[in-house]
Amino acid sequence: MSEIVAGWPILSILTFLPAAGAVLILLSRMSARGLNPGYDNGVKLLTLFFTIATFVVSLFAFAAFDPSNPEFQLTENVPWAFGASYAMGVDTLAMSLVMLTTFLTPLCILASWVIEKQVSSYMVLFLLLETLMIGVFCAQDIILFYIFFEGGLIPMFILIGVWGGERRVYAAFKFFLYTLLGSLLMLVAIVAMVSMARAAGIENPFSIPALTDFAQAGGFSPQVQIWLWLAFFASFAVKMPMWPVHTWLPDAHVEAPTAASVVLAAILLKMGGYGFLRFSLPMFPDASHFFTPFVFALSVIAIVWASLVAFRQLDMKKLIAYSSVAHMGFVTMGIFSGNEQGIQGAIFQMLSHGIISGALFLCVGVVYDRMHTREIAFYGGLVNRMPVYAAIFLLFTMGNVGLPGTSGFPGEILTMVGAFQVNAWVAAGAALGVILSAAYALTLYRKVAFGVIENPKLDGIADLDAREWVTFIPLIVATLVMGLAPGYVLDFTQNSAEAISSAFLGARP
């Protein structure tokens, strides 16, 4: 396969193919002017085609990728301006998140088939968002990374603000301001890092691999690392989001359309974890070690507190949103354990959470599309009218709890094993979170699926249709395969986990 893609800018094709679809839709809209009654369906089909084509291209890139090689692969480098360059490349960490992105986006488009307002604009924004998300994971130039990282705010801001619920404007601005303000501090740190690397004679001070090598050679003193770490933390902690800068997430999820909630939970949140793994640990290892107790404390608080808050929610979407805060606590705990088990668990948890949380938001979307409410009290007894839906909802609920055999189990257990090697009390706190997650998740399922139907409005509710079946089947397969055969993922990401752990542990006193 490597011979087939040799000489092709495969990562650029992968990144900008969705944007090309967006341009094509804009051009078609200019010519059609909305006069064709079948135009909206045509736009949906065209968008689905481009997202599937992007997934196919990612499969070619995956096949050409050598997981045994720890270096960046499929690299591209074109000089840009002021010493920066258009540099692309992926290692096993980036490749796994690229595959998650391209896998989920077509399913989001299928879930968006119910959109009827300004369809072409909605699809254009989704395609642009996919380009920006893939670009974050492929960028090897730190300025290019920042452009992609911040650029993703704009499509999501508009998707929430235009196609969201009643409080969509408030939720959209809260999401935008929280994430933007944190990232401005990161931009200041990037300028400082590049300046120091340039002053030290680094040939390409904008290159992420070059900056990593410079940092690991002692280029940033422990005192400087503290300030740089804090600046990057301000951005990545909000993106995850970590407690207590998480408050934008429940509002954004509740107001966002279903597909936007899926992308937000499954991919955009993972950019924070990716940032910690790509920048914080390998570039600022001394500072990361210094702040490990601080991150552990925030992680355990997030796991326990968010689980307790989730238990009290009356809205299904808000409950799953708080569940995401708790699960991201496992990710940060695993990352800052610094050992290979913890980092492997964190990467696996990011991938698994992307599948399971996305599926849960889709499950909520199914009943919302029929009943136009997400209130838990409205439902009950759905197993009597929607047995297939109830079975699928149960599978993903069990995955969210971390049942062995589902993808939710390996990541949680590995992060706790990694944390236990550093601090047994932290692992114990996380274990309490596992128990609490079972409490709120199973309570939600019992209230929604079991019992008798007391609400007469549910008498005519229909089970899954063909489109919804097609949407859920890939997620079911991914959840079970990752749960029953986690070695495929763990073997693939091993090199990245080893490299990050080596950089972190090498800085410990």
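## A proline in a loop, enclosed cavities and ring pairs

P9 is partly exposed, with a relative accessible area of 37%, a value that falls between the cut-offs of under 20% for buried and over 50% for exposed. The structure described here is a predicted model, and in it P9 belongs to the loop that runs between α1 (2–5) and α2 (10–32). Between P9 and R278 there are 269 residues in sequence, while their C-alpha atoms are 23 Å apart in space.

**Cavities**

Rolling a probe the size of a water molecule over the atoms shows where empty space is left. In this model the count of cavities of 30 Å³ or more comes to four.

The largest cavity has a volume of about 110 Å³, and the residues that line this cavity are A111, T258, L362, G365, V366, D369, R467, E468, T471 and F472. Two helices, α16 (340–371) and α20 (466–484), each supply at least two residues of that lining. By class, the lining of the largest cavity divides into four nonpolar, three polar and three charged residues.

The second largest cavity has a volume of about 60 Å³, and its lining is made up of L319, I320, S323, L360, F393, T397, N400, Y440, A441 and L444. Here the elements that give two or more residues are α15 (316–337), α17 (387–401) and α19 (424–449). Which classes of residue make up the lining of the second largest cavity? There are seven nonpolar and three polar residues in that lining, and no charged residues.

In helix α7, which spans residues 153–163, the buried residues are L153, P155, M156, L159, I160, G161 and W163. An α-helix has 3.6 residues a turn, so residues three or four places apart point the same way. The buried residues of α7 pack against α5 (119–138), α6 (142–151), α8 (168–199), α10 (222–239), α11 (248–255) and α12 (258–268).

**Aromatic pairs and charges over rings**

The model holds 35 aromatic pairs, among them the pair of W229 and F291, which is stacked, with 4.3 Å centre to centre and 10° between the planes. Because W229 lies in helix α10 and F291 in helix α14 (residues 285–311), this pair ties together parts that are 62 residues apart in sequence. W229 is buried, with a relative accessible area of 0%, and F291 also counts as buried, at 11% relative accessibility.

A further pair is formed by F233 and F276, whose ring centres are 6.0 Å apart and whose planes stand at 40°, so the pair is tilted. This pair links distant parts of the chain, with F233 in helix α10 and F276 in helix α13 (residues 270–283), 43 residues apart. F233 counts as buried at 10% relative accessibility, as does F276 at 0%.

In two further places the charged end of a side chain sits over an aromatic ring, as the table sets out.

| Charged residue | Ring residue | Distance to the ring centre |
|---|---|---|
| K239 | F149 | 4.6 Å |
| R374 | Y368 | 5.0 Å |

Note on methods: Residues numbered from 1 in each chain as written. Predicted model: local features only at pLDDT ≥ 70, side-chain atom pairs only at ≥ 80, totals over all residues. Heavy atoms only, no water. 1 Å grid on protein atoms, 1.4 Å probe; cavity = no way out; pocket = protein on both sides within 12 Å on 5 of 7 lines; lining within 4 Å. Points joined across faces, edges and corners; volume = space filled by probe spheres on them. Helix = DSSP H or I, 4+ residues; strand = E, 2+ residues; numbered from the N terminus. Nonpolar A, V, L, I, M, F, W, Y, C, P; charged D, E, K, R; others polar. Buried < 20%, exposed > 50% of the residue type's maximum accessible area, 1.4 Å probe, protein only. Contact = heavy atoms within 4.5 Å. Phe/Tyr/Trp six-rings, centres within 6.5 Å; stacked < 30°, edge-to-face > 60°. Lys NZ or Arg CZ within 6 Å of the ring centre and 35° of its normal.
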